[in-house]
Structure formats: structure tokens, C-alpha cells
Amino acid sequence: AESAMPPPSPVRVVSSRTVKPPARPRERIPLASWDVSMINANYIQKGLLFPAPPPPFSTGAAVTSHLADALAEALGGDYYPVAGRFVTDRHRDDSGAVVGCSVSIDCDGQGVEVIHAVADGVVADDVVPLDADVPSIVEDLFLLNDAINYDGHELPLFAAQVTELADGSVFVGFVCNHALADGTAFWNFLKTLAEISRARLAPPGAPQLPTSSPRPMFERWSPDGGTAAPVVLPCKDLSELIERPARVPLRGRVLHFSAESMAALKEQAREELLAAGDAAGAAALTRYQALTSLIWRCITRARRLAPDSETAFRGAANNRGRLRPALPAEYFGNSLYAVSTEPVRVSELLARGGHGRAAAAVGCAVAANTNASIRARVAAWTADPVVTVRLTMMGGSPWFDAYGCDFGWGKPTAVRSGRANKNDGRTVLYPGREGGGSVDAEVSLSPEHMAALELDDELRAAVSSSPKFRV
């Protein structure tokens, strides 16, 4: 039988503009090893849902125009590299033969894309339905759906789509090249953009409020602390290394964990570790480790893996604060590594007491990401660069201040991601909307694994009902 064509999207583009900074001397910023290793991954796609904005933002056109003006100001200031494109240089030996390629940001003000769109007949509850799958409409609220970071040679490194919904609410989908920035840098940029956007609403002549965001640091990190040299990949043409991920059918659910649920998960893990005689593991335990343990165990159970097979947890860890000397939080680029637990037998992971052991194992994996370990991994990668994407099981962070992004038309009421960088078993963490240590976990699984996860008693006991979304 022929496969049915997907229904046409209710999202239609009303206008599109390229936002460019004023001309300045052209410069290049070489990508570091952490950046180049992301060249085959998708762009970052994170979006914010806002209730119907008040005047003067009653129309999507007004929101789009104001956002574009704020972007122009940010790009005209410290964030000018965001308006650039990637460029590849070929490196030759003495005989003139090409021995490798390196990638830099060509900062020539090429610009970022801003789109105004309308979603006919779609309301906020259609985008963030209670207790249901993440709907396919969410994909249409983002640009550059299938782009990989390599495409930043031609495509903008940053783009925003403002979509008006039928009930007056607005969804702003932000897309950022992941070889340009990691989640920490991306959310720092959005925070600055929101501050600029709010400041532009001040009446003429009002005192200029200083932005609280520190200036971004674009100078690339190098192991010896000097000027970063370009990272040379051993290929004659960068296209030899490019692999595009295949689309696989996935279902997504956003699971809400209240502060009380997070505390209970940690306490249960602590009691299990104390009962097993691991006082050190119990003392070092965090709520993040306990939540990670729950999700790892429940997804493993949903996959119905053979009891004697092995599983390991891989999560993303921020290197900035672990390096010595530490990189500042405002380092703009990638400074991430995947950290992994030791492999464990499925039967052991799912046995009684397994929650505490898994949480402690995650803690050990994070603690092992030391300055010495990071530097050893950089040296090993530099000697043998690998740009194949291996997605971690967990990304995002409950410490990213998504709900603090107030552009002047109110705080967001929901955060969602596009389909970028999702696979079977991928979980993305966000802070919960009510704050206080609550967490939302967006889980992507194959349809059959998601059906099993929904019936998992341990997960159902821990998941809290989401605070009812109101426009």
C-alpha cells in the first residue's frame, strides 16, 4: 500500500528577513576540537511559548519586528560572530598536496534569519497538550529542521521563527548551530537578547539599564592557554566526513517531576545506598543523579533487553568549571563531553536496590570528568579526530534559565525542543515551570518502547501532574 502523505502543515510563513550587524573589520575565529566534533550533529532547536502578548505586541508582526531589532543590536555588539558563516581552509604539505582541513567562523556580517509565521487553527493547548505526546505540529514551529552543523557554511548560524497561534499566544522557535555554541552559550545568548529586548521598551530619555549578562568570550580555548591554532581534520575535503542522520519514527513525552518528587527520588536512592553500606555514595548523591537513575532504569525496562546484556548511561557534562584554569561561564562555544558509567548487567540495574546503585554510578561518571581527564581526551581526539555523532542519552539542563527569558511581552509558559538531535532513548532536561527545583524531562523513544514506558509503575509513581497550562 502507498504510504499516506502527511497532511499539509497549518503553519504558513508571512514574512522573512535577514538581520545583519553593521560592517566591521572581517575576522576569523577557528573552531576548537569540541566545536569541530559537532559538525555532523543537528542544530540546537529550543522554543518558548508565550501567552497572548499585551500591546504594543498584540500582533505577530510587532513581536517579530521587535525581536529582529533586538537581534540587530546584539549582533552589532559583542555577539557579531553569530551573524557569520563557517569557512573551510585546506592545509597543504611542502609539496602542495592537501593534508587536512580546518573550520573557522568567518565573521563578515552575513546575517541571521527571522521569520514571521501564522499557525491557522492551532492554539496553545495543541502545542503543549496535557498528558499526551509532543504533537508533530511542534516541528513546524522551527526552522532548519534537517540541517546539520556543517551546513553553517551556507545556512545562517542562528535563526528565529515567531509563530502566531489562533488564540493569540506566540511560539518563538530559536535555532542555533551546535558547532558554534553549546546549551550553556545558547541560553546565555537568549538571556542577553531578552535583556536587550526589554531595554528597548524603555521610554526615550530613560536611564540606560546595564545588562546583567557578562560579555561573551569568543576566544577559543587551547590546551596550553595560548592562542588557539586551527584544528586540522585529516581529509582532503570536509565533505568526506559528513554523515546525515536518518529520520526514525519517534514518540515524545514531557514528564514533569515536582520538587517533592525529586527530593523523594534522592531520598530513596540514599536509603538504598546506606542499606548496601555505601555511605560515601549516599553522602555525594544529588537529585540530578537520582532522576537520571530513574530514567535510565525505566527506559532500559521499556526496551525489554535481555537480563544478561549490558547497558551504560551516557550524559553530557559541562567542562567549563572542571578545567584548571576554569573556563568562565560566558565562554561562547562548545565545552561539553559525554560522560559514561561503567557497563552494568541489565538484571543488576533493574534489581532491588538498583536505583541507588545506578544513581551512585552516574555520580562517579560525572566526578571522573576532571581537568586531567578532559585534557587527556582533547589530546587523544586531536591525535585521531572523530566527527561521528554519538548522541548522549541525556542533554539539556534543569539549570538553564529558560523561563527567565522575558523579552518584554511576559514570561514564557512552556519550553519545547524541535526534532533536532533526538533518537530512541534521548532525554532532554529543562527546569520545571514552577521553579523550586522541579524538572521537566522530554523523553524520545520508538513507538513500541514508549508504549511500554507509559505502563511503567516506577515511573508513574514518580511523575507529577503538570501544573495546568493557562493562556
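The model is predicted, so local features need pLDDT of at least 70 and side-chain atom pairs count only at pLDDT 80 or more, while totals for chains, interfaces and linings use all residues. Residues are numbered from 1 along each chain as its sequence is written, and side-chain values use heavy atoms, with hydrogens and water left out.

Start with the overall division. Domain 1 covers 11–241. Domain 2 is made of 251–400 + 421–462. These bounds come from an automatic or database domain assignment. The C-alpha centres of the two domains lie 27 Å apart.

Now look at where the domains meet. Here 44 residues of domain 1 are in contact with 33 residues of domain 2; contact means heavy atoms within 4.5 Å. The buried area is about 3,200 Å². That is the accessible area (1.4 Å probe) that two parts lose on being put together, summed over both. Carbon and sulfur atoms give 60% of it.

The interface also has charged pairs. Four salt bridges cross between domain 1 and domain 2. A salt bridge here is a side-chain nitrogen of Lys or Arg within 4 Å of a carboxyl oxygen of Asp or Glu. Arg 253 forms a salt bridge with Asp 131, and their closest N and O atoms are 2.9 Å apart.

Which elements give two or more residues to the side of domain 1 that touches domain 2? They are helix H1 (33–36) and helix H4 (183–199). Helices (H or I, at least four residues) and strands (E, at least two) are DSSP runs, numbered from the N terminus. H4 gives the largest share of this side, six residues. By class, this side of domain 1 has 28 nonpolar, eight polar and eight charged residues. Ala, Val, Leu, Ile, Met, Phe, Trp, Tyr, Cys and Pro count as nonpolar; Asp, Glu, Lys and Arg count as charged; the others, Gly among them, are polar.

Next comes a strand pair. Strand E4 (residues 85–92) and strand E5 (residues 98–107) run antiparallel, joined by eight bridges. Two strands pair if DSSP finds at least two bridges between them. Arg 85 stands opposite Asp 106 in E5. E4 and E5 form a hairpin with five residues between them. In the turn, Gly 96 has a positive phi of about 95°.

The whole structure has 24 salt bridges. One of them joins Asp 108 to Arg 26, with the closest N and O atoms 3.5 Å apart. Asp 108 lies in the loop between E5 and strand E6 (112–119) and Arg 26 in the loop between strand E1 (11–19) and strand E2 (27–30), so this pair ties together parts that are 82 residues apart in sequence.

Finally, check the backbone in the loops. Pro 55 and Pro 56 are joined by a cis peptide bond, with omega about 5°. Pro 56 sits in the loop between strand E3 (44–50) and helix H2 (60–76). Another cis peptide bond joins Arg 324 and Pro 325, with omega about -5°. Leu 144 has a positive phi of about 55° although it is not a glycine.
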